[in-house]
Amino acid sequence: MKRAPEGTGAEPSTLWGRIACWWAIAFAGLHFYWAVGGDVGLSVSAGPLASERPLWFVVAGLWGVGALCLLGALLAWLLAPSRLRGVPARLARGLGWGAGALLLVRGIGIEVLLLTGTTHLDSSVSAGQRAWTLALWNPWFIAGGLAFGLAALHSRRHTDAEPPPDGSALSGG
């Protein structure tokens, strides 16, 4: 029997799925806030696009990313208590691993590029943007990547340990 982490009341599979879900909801909320005209934090995230707000940026970069984050929240919610079995469960785990890897590559990759100075940064990227990217945005992506990866990992362990819901494990077939 798996023990719940102290004070959480949740098994690791549920806990990491919930964390990933809340991570995605928070990120979606921030993008929707920006999409409807909010500007707190946008200038240090998007630079000149924040003040210009071209239509493509608002539609794809704010509404679109917010919608993708909500899909990520749904994925994390499905991974949390391993609601799926069989092929859908494997697909959800694969998507969870993919989301985690994408977020980690984005967070760690940009962090390394900024810290090592191996890439020439265009003059439109201000020192403030670089500082906020290093201190806030990249760690946020890394945290999301770890949450999705751990949700996928623990989802597999959880579904592998349980008998199928139809009881076929008891009948030997």
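**Ground rules.** I worked from a predicted model, where local features need pLDDT of at least 70, side-chain atom pairs count only at pLDDT 80 or more, and totals for chains, interfaces and linings use all residues. Residues are numbered from 1 along each chain as its sequence is written, and side-chain values use heavy atoms, with hydrogens and water left out.

Buried means under 20% relative accessible area, exposed over 50%, and partly exposed in between (1.4 Å probe, protein chains only). Helices here are DSSP runs (H or I, at least four residues), numbered from the N terminus.

I then checked Phe 148 for contacts (heavy atoms within 4.5 Å). Leaving aside residues up to four places away in sequence, its partners include Ala 20, Trp 23, Gly 72, Gly 96 and Leu 103.

**Helix α4.** I noted 25 residues in α4 and 34 Å from its first C-alpha to its last, close to the 36 Å expected (1.5 Å times one less than its number of residues). Among its buried residues are Phe 57, Leu 62, Cys 69 and Leu 79.

**Ser 43.** I found Ser 43 in helix α2, partly exposed at 44% relative accessible area. Ser 43 touches Ala 50 and Gln 129, not counting residues up to four places away in sequence. Ser 43 and Gly 128 are 85 residues apart in sequence, yet 9.3 Å apart in space, C-alpha to C-alpha.

**Aromatics.** I looked up aromatic pairs (rings of Phe, Tyr and Trp, its six-membered ring, with centres within 6.5 Å; planes under 30 degrees apart are stacked, over 60 edge-to-face, the rest tilted) and the structure holds 8. Phe 27 and Phe 141 have ring centres 5.4 Å apart and planes at 80°, so I logged them as edge-to-face. Phe 27 is in α1 and Phe 141 in α6, so this pair ties together parts 114 residues apart in sequence. Both Phe 27 and Phe 141 are buried. I also logged one aromatic cluster of Trp 23, Phe 27, Trp 140, Phe 141 and Phe 148.

Conventions
Helix = DSSP H or I, 4+ residues; strand = E, 2+ residues; numbered from the N terminus.
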